[in-house]
Amino acid sequence: MRERLQALKEEATEAIETVADLESLRELKVKYLGKKGELTGILRGMGKLSPEERPVIGSLANDIRGQLEELISEREASFEEKALSEKLHLEKIDVTLPGITHPVGSVHPLNLIIEQIEDIFVGMGFEVAEGPEIETDYYNFEALNFLKDHPARDMQDSFYFTPEMLLRTHTSPVQVRTLEAKEGYVPVRIICPGKVYRRDDDDATHSHQFTQIEGLVVDRGVSMSELNGVLLSFIEKIFGEGTEMRLRPSYFPFTEPSVEVDIYDPERGWIEILGAGMVHPRVLEKAGYNPERYTGFAFGMGVERIAMLKYGIEDIRHFYNNDLRFLRQFRSV
Ligand code: 2U9
């Protein structure tokens, strides 16, 4: 038995010293020292030994177990150390390498101008209101005093889902919804920016989807001269101090009287930039405001048109093509 133990020790020592990796080392540990391992196997035969021999062999077996365990731990430690140093080497970070740069985008010119316009009106006491882009015939037309046979209601001019539902053709429905929500209370001073949709063929000055900002003021004693003052302040802030403005009579179903507003450009003469008017009494009444007691004014503008005039952009499609050469020019505006 002593010889078998010695032979086992030599064989195991040789195997442990020459093993190639941590996994094989763990297999050797099981093979020699495990519960069903070879050392345990030999010790099972101890019952056949004489009582004098038993403690001697037992102690030898324990020594061998201790030595093999120690050898295995040493090898384990050396494999682990090697693995760690390899990992550290592989994961070494070269702090002198250039970093990965994430390109920074810029605010879209339309959003830039929307923000500028919002700031100007917020400065005059307006709040910003938003609403749905899919609207009912009632909010888009009926509440705004468009007669049933008005050409704007034509299927050819708007994007209808059903005879009752369509993509809004202006942001006016947001104003109607705001008036309804305020249940007859004043003052109302809002501007409504947002996307609108019309069945136009796209060209340099038309787009089937564009951006509007409309404004609405309702209170006691609101007058055309207040509309004049608000619009002139706005125009001077967007196009520069001293910009001249003129009002021309016009017609909209939702305002009476209605005007078209021009600014004077030294090179091109008078240019139309927005429409406005005193809110039609029928529109106020339908939204729950007594037109005998309250008056209001409203205005509406195409944001693309304002941006095109301000920055000399000649084709509306530039706003939607996502050409970086165009977009990058507005980084520092
Ligand atoms: C309510 C009452 C009145 C909104 C108004 C205009 C005049 C106007 C056009 C300008 C160019 C639209 O983008 S455009 O095609 N808009 O001229 N819009 S007054 O009047 C309202 C809105 C809501 C309740």
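How far apart do the C-alpha centres of domain 1 and domain 2 lie? In this predicted model, the distance between those two centres is 88 Å. The protein chain is divided so that domain 1 covers residues 2-90 and domain 2 covers residues 109-330.

I turn now to the ligand. A shell of 19 residues surrounds the ligand, and the closest of them are Gln 212, Phe 252, Gly 275, Ala 298 and Gly 300. Which elements supply this shell? At least two residues each come from α7 (172-182), from β5, from β8 (269-279) and from β9 (295-302). Strand β9 gives the largest share, with five residues. In terms of class, the shell holds ten nonpolar residues, seven polar residues and two charged residues.

In the side chain of Arg 198, an N or O atom is 3.5 Å from an oxygen atom of the ligand. The backbone takes part as well: a polar backbone atom of Gly 275 is 3.5 Å from a ligand oxygen, and a polar backbone atom of Gly 302 is likewise 3.5 Å from a ligand oxygen. On its own, the ligand has 560 Å² of accessible area, and the protein covers 89% of that.

Rolling a probe the size of a water molecule over the atoms shows where empty space is left. The second largest pocket has a volume of about 310 Å³. Its lining comprises 15 residues, and those closest to the pocket centre are Asn 111, Ile 114, Gly 194, Lys 195 and Thr 211. Helix α5 (109-122) and the strands β4 (188-197) and β5 (209-219) each contribute at least two lining residues.

Finally, the backbone. Most residues other than glycine have a negative phi, and most peptide bonds are trans. Where does this model depart from that pattern? The peptide bond from Val 186 to Pro 187 is cis, with omega near 0°, and Pro 187 sits in the loop between α7 and β4. A further cis peptide bond runs from Glu 256 to Pro 257, again with omega near 0°; Pro 257 belongs to strand β7, residues 255-265. Asn 145, a residue other than glycine, has a positive phi, near 70°. Asn 145 is placed in the loop between α6 (137-140) and β3 (165-167).

Methods: Residues numbered from 1 in each chain as written. Predicted model: local features only at pLDDT ≥ 70, side-chain atom pairs only at ≥ 80, totals over all residues. Heavy atoms only, no water. 1 Å grid on protein atoms, 1.4 Å probe; cavity = no way out; pocket = protein on both sides within 12 Å on 5 of 7 lines; lining within 4 Å. Points joined across faces, edges and corners; volume = space filled by probe spheres on them. Helix = DSSP H or I, 4+ residues; strand = E, 2+ residues; numbered from the N terminus. Near = heavy atom within 4 Å. Polar contact = N/O pair within 3.5 Å; in protein donor to acceptor, adjacent residues only side chain to side chain. Areas by Shrake-Rupley, 256 points an atom, 1.4 Å probe, with all protein chains shown as cover. Nonpolar A, V, L, I, M, F, W, Y, C, P; charged D, E, K, R; others polar. Domains from an automatic or database assignment.
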